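Me: I am new to this structure. Please show it, and then let us go through some of its side-chain contacts.

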Amino acid sequence: MNLSLNSSPYIIKQTALSISLRAVCLIFRLFLIYYFTRTGRSKAIAEELAARYCTKAREIADDVDWQGPGGYIKAGYKAFRGEALPARYKKPYDNEELILVFPVWASTLPPAVRTFLEKEGRKRVICIPTSIGSKLKDREGFAKIIDLVGKKIAAPLSI
């Protein structure tokens, strides 16, 4: 923003506050945000949270094509069986608190998310499962769970 001598004090204060908040976020990064998505809904929520907390949303990838009706059926089947698949993601440091956004598949964890949690643990994870109509059944051990259920969902206002 280009400030001149003619800028109102309100705009200057507002700009300074915005810059100060961004600096605080960058210095004291509160969370690392990870997501897994099939349709893009969980990614959108993760990106909204990442913008709010001045960080990046980090993808958990499994290199499986889950798209279309066949992918939907395959996803539900593998999740229902409790399968874990190899997952690619940038490893967090041991002392970082994590936010994990993912879709609920057959009332449980997608395989790549299961792998992520087996490697990183649940104790420091704030879990944000997304779903059109059901909740995650496997709820033990997380720092916190915030369910986002419905056709239209948005990132939670507070964590």
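Predicted model: local features only at pLDDT ≥ 70, side-chain atom pairs only at ≥ 80, totals over all residues.

Me: How many aromatic pairs does a search of the whole structure find?
Reply: The search covers the whole structure. Among the pairs is the one between Y34 and F116, with 5.0 Å from centre to centre. The number of aromatic pairs found is six.

Me: Is the pair of Y34 and F116 stacked, tilted or edge-to-face?
Reply: Planes under 30 degrees apart count as stacked and those over 60 as edge-to-face, with the rest called tilted. For Y34 and F116 the angle between the planes is 50°. The pair is therefore tilted.

Me: Is E47 buried, partly exposed or exposed?
Reply: E47 meets K43 in a salt bridge, 4.0 Å from N to O. Buried means under 20% relative accessible area and exposed means over 50%. Because its relative accessibility is 42%, E47 counts as partly exposed.

Me: How far apart are the closest N and O atoms of R52 and E48?
Reply: Both residues, R52 and E48, lie in helix α2, four residues apart, or about one turn of the helix. Their side chains form a salt bridge. The closest N and O atoms of R52 and E48 are separated by 3.8 Å.

Notes. Residues numbered from 1 in each chain as written. Heavy atoms only, no water. Phe/Tyr/Trp six-rings, centres within 6.5 Å; stacked < 30°, edge-to-face > 60°. Buried < 20%, exposed > 50% of the residue type's maximum accessible area, 1.4 Å probe, protein only. Helix = DSSP H or I, 4+ residues; strand = E, 2+ residues; numbered from the N terminus.
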